[in-house]
Amino acid sequence: MTTSDEPRRRRRRQKQQLPLHDEEESKPVPRKKKERRRRRREEEEAEEPFWKLVLQVGFCLLIILLIVMGLFRYLYPHEIAEERENDDDGIMSQQQVPMQEQQLPVWELSEKSLKYDAYALFETFKKADANSWLWFGEKKNKKKEFWNLAQGLLDQFKALYGGETEVRALLERGLSTFGNVSSATPPSDLVATACRFRNHQDLPFKIAFGGYSVTVGRGNYFHQSYPFVMQKILEPIFHSLRMELEVRNAAIGGVPSFPYGWCFENFWQLASERIDVVSWDYSMNEAGGISEGIEAYVRQIYATTNHEEKKTMPLIIVKDTHLAKERRNLLQTYATKYEIATDTVLIHSDPAILPFLSLDEPPIGFQNWRKFGAPPGSIIKNSRYKKIIVHNPGAHDNNLSLKGAPGQEAHHPAMAEHTLLGWMLAMHFLAALEYYVLSEVVESSLPPLSCPPDITSSNFPSRPVSTNDTTSSILFDINHRVHCRTSYEPIVSGRLTEIIKSGIVTSDEEESTFSLPKMGLHEYNKGWVLDYSDSERMAKRKLDRYDNGLGFVDSKQALYGIYNSGPLEFQIPSAKVKSIVVCQVNERQRPLESCRLDNENNPPMEYWIQGRNMTGTIMTQPGTLYLGHSLCVHFSRIPAVPKSIMMNLTIRIKDIHIRKKEWACSISHVIWEEDMS
């Protein structure tokens, strides 16, 4: 054994003699390894157990799930808890309990409905018919035909929408009138409408509809809109009384009450013909129940019909939301306080419809509620209704959203709703027809038909009720005469091009051909162009994919010009002009650099009237705005024209930056107010 091995053996013996724990402690441990072990122990002590983490995450998810289910139950209460499915063997388990079917509330009809709606008046006829001697010869056959048709309509209406009590409540809750009601006399609105039928025994009864895209019938065929549904229902019963029924639907998608309200003669021929019923439907643009627009509309209806002999103010149909209380109160004030438009009909169908749509099995008229009539029969869910029942063989999900023809959007009524609106209006007019026929029989227990006197200007309040604005005479004056020239369709007279003297580029192409490419910058540099905006042309091209454009006839054409187009000259065929209004086309989306008539800081156009540079007032009154933007400028101080029968109006683009056709200015209406003094 060498000397060098001795220390090694000594160390080995000492190591063997050490206790176990001392042996472990004696092992050298690197510093970094100790540090890692220490950090690991600290992390393990700080970290919560896994089971606690599972409970925390599960509890949070449970809270979120309960909130989501609560919201879903609130929005769609009947889509969650449907009737439970049977077991595989067809036997319901003991724990499964059948769902209670939804039922309609019990409605109590008002005294007016119990005595004077279409069903009550038919019962009055049956009592009178028991005395068969009241009817003789041809008169008897004529009346019998009428009552047979009336009974058929009443039976069909209640079969479609759930039964007699249900449909009578549907009419009472979905339609409002404002006539005086007393237990001793019939409602004044019913009498007034019946008088209209009596006075038209040898003349066509004409109904003209105006309004927004809802009345147009977007998403469906044009003939499926509720004005034509009503016409189809009523035509046979009118013919049984040897009366003709004419219905015009001149509504235009995306327009406000004005300038449409200045152009009644253009769209309806309200001044030159005897129109018995007109309509208003602009609640989508005049949200919040704003009443200035509809009051000006009503006053302009009277002003338009006031200048012809033997003209009476027509009945007004107002389609509105049930939340627009200000407009409802305004119509009631005019009817009851001033005895103006006493037989106005207000349609607010949503509250009446909702109970039927909540049923598990609604009546047949409420099925396919959101299925549009235009191809391909799309289904769109509508948030207005808490449950939508759709029966579509090609769809597996009632909430399916399959867009098809243009206009099939949630805010547009589908075909079933248009059908219901047409039936409701038809039942309203049927009641007046029944009253008119019964009034000819003295023994029918109804008083003779005593028609109210014609409305005169003395009936109207001298100032508008809805506003203190006394400067807008062209909106609220009832003793003036307003003339309109417009490029919108559908019009029957008064085209804007009729008063153009110079400055327009003529085209050999058909004006209404939407498939043609839009005129280029070259034409715009030569003069003003009668054209369509890009959005309007695109909408019409989408419609052209379908047969006859789905039948729609409305369009918004306008004169477009840029800085290089030069002056556009009009000749107004009147020397007694009190004021002039110029309006641009209403477009939803345009570039920020485009021409805007309501730009007060830098007006894009200048106006010359009889050679004098005039500054107009931008109209900001409710009813004249579109999506919050002004469309019209008003000129009130017009220079006199002593020795002329024409007045010259020249319009020129003065903003040098408007050189692109995408930024072009537009003119769609020129309106002038005649000084009747």
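How do strand β2 and β4 pair, in the parallel or the antiparallel sense? They pair in the parallel sense, over 2 bridges. The legends below go through this and other close-up views.

This is a predicted model, where local features need pLDDT of at least 70, side-chain atom pairs count only at pLDDT 80 or more, and totals for chains, interfaces and linings use all residues. Residues are numbered from 1 along each chain as its sequence is written, and side-chain values use heavy atoms, with hydrogens and water left out.

**Figure 1. The whole protein has 20 helices and 24 strands.** Helices (H or I, at least four residues) and strands (E, at least two) are DSSP runs, numbered from the N terminus. The protein has 677 residues, and 49% of them count as buried. Buried means under 20% relative accessible area, exposed means over 50%, and partly exposed lies in between (1.4 Å probe, protein chains only). Contact means heavy atoms within 4.5 Å. Among contacts between residues at least 6 apart in sequence, 79% join residues at least 24 apart.

**Figure 2. Strand β4 pairs with β2 and with β5.** Strand β4 covers residues 277-280. Strand β2 covers residues 205-209. Two strands pair if DSSP finds at least two bridges between them. Ile-207 has Val-277 in β4 as its bridge partner. Strand β5 (residues 315-319) runs parallel to β4, and 4 bridges join them. Here Val-278 stands opposite Ile-316 in β5. Val-277 and Ser-279 point one way from β4. Val-278 and Trp-280 point the other way, and all are buried.

**Figure 3. The largest nonpolar core holds 92 residues.** A nonpolar core is a set of buried Ala, Val, Leu, Ile, Met, Phe, Trp, Tyr and Cys residues joined through side-chain atoms within 4.5 Å. Trp-262, Trp-268, Phe-570 and Ile-580 touch the most other members. Helix α14 (residues 292-305) gives the largest share of this core, 6 residues. Leaving out residues up to four places away in sequence, Trp-262 touches several residues, including Gln-300, Ile-474, Val-581 and Ile-671.

**Figure 4. Asp-117, Asp-155, Lys-158, Glu-164 and Arg-168 are linked in a network of salt bridges.** A salt bridge is a side-chain nitrogen of Lys or Arg within 4 Å of a carboxyl oxygen of Asp or Glu. The whole structure has 19 of them. In the bridge between Asp-117 and Arg-168, the closest N and O atoms are 2.8 Å apart. This pair links distant parts of the chain, 51 residues apart. Asp-117 sits in the loop between α5 and α6 (118-129), and Arg-168 in helix α8 (residues 164-174). Asp-117 is buried, at 12% relative accessibility. Arg-168 is buried too, with a relative accessible area of 11%. Arg-168 also meets Glu-164 in a salt bridge (3.4 Å, N to O). Both residues lie in helix α8, 4 residues apart, about one turn of the helix. Glu-164 is partly exposed, at 31% relative accessibility.

**Figure 5. Glu-145 forms a salt bridge with Arg-242.** The closest N and O atoms are 3.9 Å apart. Glu-145 lies in helix α7 (residues 137-161) and Arg-242 in the loop between α11 (226-240) and β3 (245-249), so the pair ties together parts 97 residues apart in sequence. Glu-145 counts as partly exposed, at 36% relative accessibility.

Figure 6. Pro-259 is in helix α12 (residues 257-260). Pro-490 is in the loop between β8 (488-489) and β9 (500-502).

**Figure 7. Ala-341 has a positive phi, though it is not a glycine.** The value is near 55°. Ala-341 is in the loop between α15 (325-336) and β6 (345-347). Ala-341 counts as buried, at 8% relative accessibility. Asn-368, also not a glycine, has a positive phi of about 55°. Asn-368 is in the loop between α16 (350-357) and α17 (415-438). At 26% relative accessibility, Asn-368 is partly exposed.
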